[in-house]
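The sequence and structure come first.

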Amino acid sequence: QAQQLQQQVQQQQLQKLQQQQQQSRHGAPSAYGGRPGSGGMPQQQQQQPKPQPTPQQLLAYAERVMGPGNLGLPPEKFAKNMEALRQMSLPQLYQHAKMLKDKLDQHKLMQRQQVLQQQQQQLMMQRQQAQQQVMQQHALQQQKAKEAAAEEEERKEDGIVQTTQAVNSDALEVETAEEEAAIASAPVFRAYRPLKVKYGLSHPEPIVESCSMASVEPPDVFYRPGLPSSLLSGRRGGGNDPLHPEWLPHDSCALSAAQLEALVYAGQRHSQQNPDDTRGGFFIGDGTGVGKGREIASIILDNVAQGRYRSIWVSLSTALYYDAKRDFRDLGRADINVYPLHKLPYGPLDPADYGDGVMFCTYQSLIAQNKHSERRIDQLVTWAAASASGDPARFEGCICFDEAHRAKNLALDRGGKGTKTGEMVLGIQKQLPQARVLYVSATAAAEVKDLGYMSRLGLWGRGTPFPDFSNFAAKIERAGVGAMELLAMDMKARGMFVSRMLAFTGCSFEVRECTLD
């Protein structure tokens, strides 16, 4: 209907223009530049005989018609025509003015026809775009229907019955109380077991993983840890291993299968290089009770067993210094030196007193400096580089950021001002580009803006689809809440992330109301 109406309007405009053109041919231009009888003059005056136009009036009319806004002749041609008109007699000028009037009418008619043609083309393009959108929506609905059918078939095969169906692609409507109960009872977590790492015994407590993460397989394993066989098998050992005589006795299952899996994938990831020539980092996102401290200690000891004798352990509080020493003792290496940086003097450290071992510091001491502007971070870099002939770029030991979410407030060109903690965490990674970086936190990836300090994951920068973190964060935020879950799944599939938690099997709770006076 819109197209028919448009055609009728176009036909009426063409007819009107043709009538005006025919009428203009019956009269010559007046002294005012129009046909006799035009120009808005009273009817009585139009009926009176008109005086013949003067040469000056005809020349002015010709100049206006050939000039810009009408025929628009080129400057050279315009000047040549005007010179020829000045040489003409009055009758010749009068005939030439009539000819110019006809050309002007034809020119305007062609312009309007071009406008109509452009409008028709725009209408055709709009119709084609609308048809394409309808076809795309139809194809998308079909694809969603196929995916829903395939997902329902998979659920049936897994023994999970989905009773709620989507009414359309935008909303899921629950119609009955039975369907609501089915949704409430749908599984969120799955029992966890290492899929491709065969070391160790089961964790002492049941461990679960979210269903979305459980649907992703980790990469194949090629890394072989350097720990004693007793730790890798879960047996009691130490003290009599000829390959590791320095190892002291330890209990059985000192490292569970889940903890050993984190160790293996961390070592495997640390053996890889990012596209920007920095060493790849690993992210442990396990919850409370899985044993993140034991995992950190095992990764440091695995590096010690392979000849990398210095590591940096950054944690939340100085009280966790004693927990770190306990973790090393429980793994059979109470002899590992753990230096509390907050108790050490500023300036260069004596190599005889502070040699190989683990430098333990807090995030607060990481940003500290004395009144002489001597910084703790410079102390750390110098101490670490001493194991690599004083060259920070060659240090390959561990840097473990325990409770890494303390560094999440990092600006990185996203506006605002970042914290000194975030800047120092990022800075020490830049100064030690070959260090084996480990990020440990149960709440580090709640929002994409909190990942700015995790530069060693290789998610942005040179050799990636995202030139910098700002671009990466903007794209993930634009994709919505589900993008963070997809990002975590992708990180697990690439072997740079694990996230498990204790199951609440056997736990119960009750709600009690307490009346306050």
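## Terms and basis

Buried means under 20% relative accessible area, exposed over 50%, and partly exposed in between, with a 1.4 Å probe and protein chains only. Helices (H or I, at least four residues) and strands (E, at least two) are DSSP runs numbered from the N terminus.

The model is predicted: local features need pLDDT of at least 70 and side-chain atom pairs count only at pLDDT 80 or more, while totals for chains, interfaces and linings use all residues. Residues are numbered from 1 along each chain as its sequence is written, and side-chain values use heavy atoms, leaving out hydrogens and water.

## Helix α13

Eight of the ten residues of α13 (residues 376-385) are buried: R376, I377, Q379, L380, V381, W383, A384 and A385. They pack against β4 (310-315), β5 (338-340), β6 (357-362), α12 (363-366) and α14 (420-431).

## Nonpolar cores

A nonpolar core is a set of buried Ala, Val, Leu, Ile, Met, Phe, Trp, Tyr and Cys residues joined through side-chain atoms within 4.5 Å. The largest has 51 residues, and I312, F401, L432, Y439 and F472 have the most contacts inside it. Helix α16 (residues 482-493) gives the most to this core, with six residues.

Contact means heavy atoms within 4.5 Å. Beyond four places in sequence, the contacts of I312 include L380, W383 and A384.

## Confidence

The mean pLDDT (the predictor's confidence in each residue, from 0 to 100) is 83. Over residues 27-46 pLDDT is below 50, and over residues 160-174 pLDDT stays under 50. Where pLDDT is low, the predicted coordinates should not be read in detail.
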